[in-house]
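Okay, everyone, thanks for coming. Let me put the structure up, and then I'll walk you through two spots.

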Amino acid sequence: MLPVVEFKEVTHAYLGDREASLAIEDLNLSVGQGEFVSLVGPSGCGKTTILSIIAGLLQASRGEVLLSGRKAAGPSPEVGYMLQQDYLFPWRTIEDNALLGLELTGRLTGSSRAKSLQLLADMGLEGKEQAYPAQLSGGMRQRVALVRTLATDPSLLLLDEPFSALDYQIKLQLEDLVSETLMRRGTTAILVTHDLSEAIAVSSRVILLQPNPGRIRRIFEIPEAIRRTPPLYARDLPGFAELFHEVWKEMELAGREEM
Ligand code: ADP
Ligand code: MG
């Protein structure tokens, strides 16, 4: 089967007034159908740039980007991208914000609406449907944005630190919910996170990047036992702590070598 995402020697430079800054260089990457991959690495190593290229919001300066074998060409409704910031519309209710993606892609039906409302309830937002974003906490708004992204049932989901602003307890619950939802739907997902234990708990592969310019430093395959276990419990499995320390040490090195 063709990879859902394939990068071949992809380089991206941001052009400033006087100079170009190299964000990622000669990156090769392949993500298969149904895989859940995490991107980790020190700040500035190109994680958001990679997601934006996959989402079709940025065109790579050099190299080839293929989505299911086809050249990436602009945003597609098949790709759901949840940005670091929630970007809810303040004048729309929570329900109307959650349904926005369905509305924009012409897929708002009785059943897609019912599913979205259920998802809002699953995320602990029951009773908030008619509230406005300003009446909710940051963590709640983040969950609404997550529902909005999941509601359109994208075949490829890109998540940029979706859980980072949440309370620890809620974050753990959402990791479970999201990972279970994606596994059930067979959605391919790429998650950017600075939380290494989250990356190990939810994904099948953890890709560690290093900065200046952004390159892949090391790829960690997550053992089947951890992969199969819901994130909350995966953390207690034998081998989890060792793997965490291994990734952590490597990340330390990646950050230090740049100084
Ligand atoms: P990460 O998400 O891993 O923190 P980014 O992809 O945001 O990294 O950034 C990678 C590099 O590209 C950094 O050096 C950053 O300063 C630079 N960069 C990111 N966005 C822009 C932009 N819009 N203009 C210029 N440089 C940028
Ligand atoms: Mg980023």
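At what angle do helix α4 and helix α5 pack? About 145 degrees, with the axes 10 Å apart; axes here are lines fitted to C-alpha atoms over the stretch in contact, and angles run from 0 to 180 degrees between N-to-C directions.

Quick housekeeping: this is a predicted model, so local features need pLDDT of at least 70 and side-chain atom pairs count only at pLDDT 80 or more, while totals for chains, interfaces and linings use all residues. Residues are numbered from 1 along each chain as its sequence is written, chains are lettered from A and ligands numbered from 1 in the order in which they are written, and side-chain values use heavy atoms, with hydrogens and water left out.

Back to the helices, which are DSSP runs (H or I, at least four residues). α4 covers residues 110–122 and α5 covers 138–151. On the α4 side you've got Ser116, Leu119 and Leu120, meeting Val147, Leu150 and Ala151 of α5; contact means heavy atoms within 4.5 Å. That splits into 5 nonpolar, 1 polar and no charged residues, with Ala, Val and Leu counted as nonpolar.

Now, ligand 1. The residues around ligand 1 (a heavy atom within 4 Å) include Tyr14, Ser43 and Lys47. α1 gives the largest share of that shell, 3 residues.

For polar contacts (N or O pairs within 3.5 Å), a ligand oxygen sits 2.5 Å from a side-chain N or O of Thr49. Another entry is a polar backbone atom of Gly44, 2.7 Å from a ligand oxygen. Cys45 also comes in through its backbone, at 3.2 Å.

Note on methods. A polar contact is a pair of N or O atoms within 3.5 Å; within protein, one must be able to donate a hydrogen and the other to accept it, and residues adjacent in sequence count only if both atoms are side-chain atoms. Helices (H or I, at least four residues) and strands (E, at least two) are DSSP runs, numbered from the N terminus.
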